[in-house]
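Please look through the sequence and the structure below, taking your time to find the chains.

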Amino acid sequence: MKLLTCPLNGPRNISEFTYGGEYHPTPDHQLVTPREWAEHVFFHDNAAGVVIEWWCHTASSYWFLAERNTISDQVIRTFPADEIFNQRVEFNQPASSGESN
Amino acid sequence: MPFGLLKYGLSSEYPAEHHFTPATELKKHYDVVIIGAGGHGTGIAYHLAKYHGITNVAVLEKNYLGSGNTARNTAVIRSNYLTEEGVTFYRESVKLWQDLSNEFNYNVMMENRGQLTLAHSDAAIRSFRWRAEVNQHLGVRSELIDRQQIAELVPNLNMSEDSRFPIMAGLWHADGATARHDAVAWGYAKGACERGVELHQLTEVQDIEITQGRVTAVKTNRGRVECGCVVQAVAGASSVVAKMAGIKLPIHSYPLQAMVTQPYKPILTPHVSSPHVHVYVHQTSRGEFVIGGGSDPYPLYNTRATLDQRESLSAAALELFPFLAQARMLRQWAGTTDMTPDYSPIMGLSPVDNYYLDAGWGTWGFKATPICGKTMAELVATKKVPEIIKPFELERFYRFEQINEAGATAASH
């Protein structure tokens, strides 16, 4: 049995978790071209080595981030998403678009 | 021929046939450098040499011939896909498979056993009907069959209505086949080397030099090689190699695990797969049961075998074939599958002018080997993308024109 340490629930069997993809900063959907958006949606680094990725503890629906080595399959650390997402994200029209909100 | 065989049989030394001569020294320059000596890489080299007269070709392999996913797949050949582009492409490949042993005069032990995919739900029956219609329209033999026909075709299949997921119907694909996977790389390599292609084993490409949007050379652990163009055919390492050329791909690499039992007497003829219980089973001509389709739940560049997959593959195989409970497992292994978002390959041109992609081969690479060799060689020789592989170009992701074959996998990975 392989264990993954959930920042909320502690060490659990990895079969309780769902892999959620590579972590990438999300581009501003108001500013990107369709080409850049396609790249964000479909393309991956798929790196061989240490990567940061999303995981979800399925039973509690808790999403968090993990640093994992994709060659040795060692999980280096797991951490809550607010380590990176610590500022409020606004989805309003950008000021440059000239439209009032 | 009969006398040759007799002489061989009476010989006390059993002289081994000399297949090909691996090259020794790397030249300074090649017209074409192919990265990866699996079925695809050697197939491209073979077609370049035989049909296009291009023989100043080096096939660079970091390990030994056919040591990657050519040796790690489960040797399933079929063309019962869902999209017009997919079915047409794999249909042409199956046609080439039929004559492959004659093509390069090397026995690949092609066996037309047929392939049966099982439906355990109404939704699966609907999708099978759809696939059968598309297949028949494009000249591929697929038909929906009922429980009775399934029982006649595979008498030892568990047809009980009391099992967890009773079998409701099947998609019978008479064109399904299997072949000896190693022999494909050996046959192509032999034919290519006889015509002047150089195969360099234990030669790892470590960097790719790009000048003004063109590849000029590759750096290997044995020195620098200048080249007219490069083809990458490295299933399982597509992203890593493409990155050296500055190309990002829509791929996640997952291990796919399979296992094989000891040999038994022949009792199972077709290849049987169930996307619902996540397993496929066939018996090799040597008698072993190959049990496959166990995709790991997260990406990894590692071909280790896990107990989790052994348990789930065994449970699924036993649901279909309870008699396997007494079978002894011989080995379990993994291959790295480069999964694309639409479960179709990435073939053809890349953002770099003279760098060609043969990538994203997920779990569908082996069956496509002959058509890849043919079409990629044509692309390299003529600089024109053959019509049949045009839909699979990398650019499709930027146009949101994926070719969705996720519903046509053998064991829904």
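Are α4(B) and α11(B) roughly parallel or roughly perpendicular to each other? To work this out in what is a predicted model, begin with the axes of helix α4 (residues 84–98) of chain B and helix α11 (residues 369–382) of chain B, which come within 7 Å and cross at roughly 100°. Angles of 65 to 115 degrees count as roughly perpendicular, and therefore α4(B) and α11(B) are roughly perpendicular to each other. Where these helices meet, α4(B) brings F89(B), E92(B), S93(B), L96(B) and W97(B), while α11(B) brings P370(B), I371(B) and K374(B). Sorted by class, this contact has five nonpolar, one polar and two charged residues.

Turning to the domains, the domain assignment of chain B gives domain 1 (26–73 + 182–250 + 342–408) and domain 2 (112–175 + 252–339). The centres of domain 1 and domain 2 of chain B, taken over C-alpha atoms, are 30 Å apart, and 14 residues of domain 1 are in contact with 10 residues of domain 2. On the side of domain 1 that touches domain 2, α3 (69–72) and α9 of chain B are the elements that give two or more residues, and the residues of that side divide into four nonpolar, nine polar and one charged.

Finally, there is the contact between chains, in which 19 residues of chain B are in contact with 12 residues of chain A. On the side of chain B that touches chain A, α9 (238–244) and β12 (252–263) of chain B each supply at least two residues, and by class this side has 13 nonpolar, four polar and two charged residues.

Terms used. Residues numbered from 1 in each chain as written. Chains lettered and ligands numbered in written order. Predicted model: local features only at pLDDT ≥ 70, side-chain atom pairs only at ≥ 80, totals over all residues. Contact = placed C-beta atoms within 7 Å. Helix = DSSP H or I, 4+ residues; strand = E, 2+ residues; numbered from the N terminus. Nonpolar A, V, L, I, M, F, W, Y, C, P; charged D, E, K, R; others polar. Axes fitted to C-alpha atoms, helices over the stretch in contact; angles between N-to-C directions. Parallel < 35°, antiparallel > 145°, perpendicular 65-115°, else oblique. Domains from an automatic or database assignment.
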